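Welcome! Take a moment to look over the sequence and the 3D view, and then we can walk through them together.

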Amino acid sequence: MTRIGVAYGANPLTFLTLAGVGDLFLTCSSPTSRNYTVGFRLGKGESLDEIIRTLGSVAEGVTTTKGLKMVIDELGVTAPIASGIYEVLYEGKDVRERAQWLMNHPAMMELELPARSKGGPVKELMRKLGLPEDADLKTVPQAGADACPP
């Protein structure tokens with residue numbers, strides 16, 4: 001989510017607010033969320049067609065995933081979770097296999113800070129994150145693969 005927004009010029013810290021991660025958390029954890037319901041039922045082994053047929057309302061994440069995949073591909077952004085969701089929904093990939101792959105995927109930086117900061121908000125954020133002021137954040141290991149394996 002952050003990488004996509006930043007690719008469009010957004011401030012990465014915006015995604016740490018209630019409007020960003022707060023909304024995401026509620027969508028992913030509330031049994032009253034249609035998106036949660038779709039994911040839960042997929043995890044139980046139901047087909048997407050059956051879920052959509054019996055849901056009784058629209059789960060906007062199902063259709064939004066198609067557009068998101070187009071944006072990811074157009075921007076060349078690495079987004080393993082979004083790519084994995086697309087593969088489950090539209091390419092018939094096994095939900096358990098994709099979840100396992102994501103759990104074993106190397107950790108990646110979600111928020112890249114400038115390698116050198118002369119102060120201000122970046123310096124304060126680095127302090128709060130417990131990073132030394134002179135840290136070269138560009139040397140943090142990144143994931144080797146840009147997309148989910150076949």
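This is a predicted model: local features need pLDDT of at least 70, side-chain atom pairs count only at pLDDT 80 or more; totals for chains, interfaces and linings use all residues.

## The overall picture

Along the sequence the pattern reads α-α-α-α-α-α-α-α.

Of the 150 residues in the protein, 28% are buried. Among contacts with a separation of 6 or more, 52% join residues 24 or more positions apart.

## A walk along helix 5

Helix 5 covers residues 60-75, 16 residues in total, and spans 22 Å from its first C-alpha to its last, close to the 22 Å expected at 1.5 Å a residue. Along the way you will find a kink of about 30°, centred on lysine 66. After the helix comes glycine 76, with a positive phi near 70°.

Which residues of helix 5 are buried? They are Val62, Thr65, Lys69 and Ile72. An α-helix has 3.6 residues a turn, so residues three or four places apart point the same way. The buried residues of helix 5 pack against helix 1 (2-7), helix 3 (34-43), helix 4 (48-55) and helix 6 (80-90).

## Helix 6 meets helix 7

Helix 6 also packs with helix 7 (residues 95-104), at an angle of about 170° and with the axes 10 Å apart. Angles over 145 degrees count as roughly antiparallel, and this pair is therefore roughly antiparallel.

Helix 6 brings Pro80, Ile81, Gly84, Glu87 and Val88 to the contact, while helix 7 brings Val95, Arg98, Trp101 and Leu102. By class, six of these residues are nonpolar, one is polar and two are charged.

Key. Residues are numbered from 1 along each chain as its sequence is written. Side-chain values use heavy atoms; hydrogens and water are left out. Helices (H or I, at least four residues) and strands (E, at least two) are DSSP runs, numbered from the N terminus. The expected span of a helix is 1.5 Å times one less than its number of residues. The bend at a residue is the angle between axes fitted to the seven residues ending there and the seven starting there. Buried means under 20% relative accessible area, exposed over 50%, partly exposed in between (1.4 Å probe, protein chains only). Contact means heavy atoms within 4.5 Å. Axes are lines fitted to C-alpha atoms, for helices over the stretch in contact, and angles run from 0 to 180 degrees between N-to-C directions. Angles under 35 degrees count as roughly parallel, over 145 as roughly antiparallel, 65 to 115 as roughly perpendicular and the rest as oblique. Ala, Val, Leu, Ile, Met, Phe, Trp, Tyr, Cys and Pro count as nonpolar, Asp, Glu, Lys and Arg as charged, and the others, Gly among them, as polar.
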